[in-house]
Amino acid sequence: MEEVVFNFQQQTWHLSAGKALYWLEEKALILSDLHLGKSAHFRKAGIAVPAGLIQEDLYRLQQLITHYHPEKIIVVGDMFHSSENNDVQYFRLWRQQFLHIRFELVKGNHDILAADLYASLHITVHDTLTLQNIHFIHEPCESEDEHGPYTFSGHLHPGVAIAGGGRQRLRLPCFYFGKSCGILPAFGRFTGLAMLAPETDEVVFAIANNSIFKITVA
């Protein structure tokens, strides 16, 4: 998967087309909004959902782990979609091969599993998390304080529109870097997009298939 190295906030970030970023100084792989269990939740409600989504998402995560060799994985909310189901048990089996890697979950609004279940999955749960003056929360921050800790969030599943030929407009997931707050793309495939309208002093990297590229904001 293609990546872009972005030096920002005096730190080094590897932005991957796999919808995650690797923080070099902390040896941390960071992602948001996996929504594991969402497909099983919808199927239980009688809604037709393609099979194999969780396997595809966790395989992509496995590829990222193999590439970056992180010491920890920070999930910025909505790792799980709802209550315990078969997808959660599939994750339990998948997790066994990476017990040497710490999973740090910044709790999102869909993360409603019991505390002892998170513990059994070897996941440490936080309301917020701060490392090296970088702050992680699930829901987007509204602070404009450029002198405070820079904040990364998820929740929105951010997207950006790209003009194509024949008056076409592509809607692509993206990494968004504002002055004091950044938003991570949704890692899970079974998610929608919330379209952003970035300003000229903000930085956006769009993701298309296995490519990632910086957007010029007009």
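Biologist: Which residue stands opposite Phe103 in strand 7?

Modeller: The residue facing Phe103 there is Ile123. Please keep in mind that this is a predicted model.

Biologist: Which element does the chain pass through from strand 6 to strand 7, and what is the hand of the crossover?

Modeller: The chain passes through helix 4, and this β-α-β crossover is right-handed.

Biologist: What makes strand 1 and strand 7 edge strands?

Modeller: The open sheet has seven strands in the order 1-2-3-4-5-6-7, with mixed pairing. Strand 1 (3–8) and strand 7 (123–126) each have a single partner strand, so one side of each lacks a neighbour in the sheet. From one strand to the next, the twist averages 25°.

Biologist: Which helix packs on the sheet, and what does it touch?

Modeller: Helix 2 (residues 53–68) does, with contacts to strand 1, strand 2, strand 3, strand 4 (28–31) and strand 5 (72–75). The direction of helix 2 makes about 155° with that of strand 4.

Biologist: In what sense do strand 2 and strand 3 pair?

Modeller: Strand 2 (residues 11–16) and strand 3 (residues 20–23) are antiparallel, with four bridges. Within this pair, Ser16 has Ala20 of strand 3 as its bridge partner.

Biologist: Why is Ile73 called buried?

Modeller: The term requires a relative accessible area under 20%. Ile73 has a value of 0% and therefore counts as buried. Ile73 belongs to strand 5. Beyond four places in sequence, Ile73 is in contact with Leu29, Leu31, Leu61, Ile65, Ile101, Arg102, Phe103 and Glu104. One of these contacts, Leu31, is 42 residues away in sequence, with 7.8 Å between the C-alpha atoms.

Biologist: Which residues have the most contacts inside the largest nonpolar core?

Modeller: That core has 29 residues, and those with the most contacts inside it are Leu29, Leu61, Ile73, Phe80, Phe91 and Ile123. At least two residues each come from strand 3, strand 4, helix 2, strand 5, helix 3 (86–95), strand 6 (102–106) and helix 4 (115–120). Helix 2 gives the largest share, six residues. Apart from this core lies another, of 24 residues, among them Leu15, Phe136, Phe175 and Ile207.

Biologist: What does Phe80 touch beyond four places in sequence?

Modeller: The contacts of Phe80 include His35, Leu36, Val88, Phe91, His110, Tyr118 and Ile123.

Biologist: Is His157 buried or exposed?

Modeller: His157 has a relative accessible area of 12%. The limit for the term is under 20%, so a residue below it is called buried; His157 is accordingly buried. His157 lies in the loop between strand 10 (150–153) and strand 11 (158–163). Outside its sequence neighbours, the contacts of His157 are Asp33, His35, Ala186, Thr191, Gly192, Leu193 and Ala194. His157 and Leu193 are 36 residues apart in sequence, with a C-alpha to C-alpha distance of 5.1 Å.

Biologist: Why are His122 and Gln132 called partly exposed?

Modeller: The term covers values between the buried limit of under 20% and the exposed limit of over 50%. His122 stands at 42% and Gln132 at 43%, so both fall in between. His122 lies in the loop between helix 4 and strand 7, whereas Gln132 is in the loop between strand 8 (129–131) and strand 9 (134–136).

Biologist: What is phi at His122 and at Gln132?

Modeller: His122 has a positive phi of about 60°, although His122 is not a glycine. For Gln132, also a residue other than glycine, phi is positive and near 50°.

Conventions:
Residues are numbered from 1 along each chain as its sequence is written. This is a predicted model: local features need pLDDT of at least 70, side-chain atom pairs count only at pLDDT 80 or more; totals for chains, interfaces and linings use all residues. Side-chain values use heavy atoms; hydrogens and water are left out. Two strands pair if DSSP finds at least two bridges between them. Axes are lines fitted to C-alpha atoms, for helices over the stretch in contact, and angles run from 0 to 180 degrees between N-to-C directions. Contact means heavy atoms within 4.5 Å. A nonpolar core is a set of buried Ala, Val, Leu, Ile, Met, Phe, Trp, Tyr and Cys residues joined through side-chain atoms within 4.5 Å. Buried means under 20% relative accessible area, exposed over 50%, partly exposed in between (1.4 Å probe, protein chains only). A crossover is right-handed if, with the strands pointing away from the viewer, the path from the first strand over the helix to the second runs clockwise.
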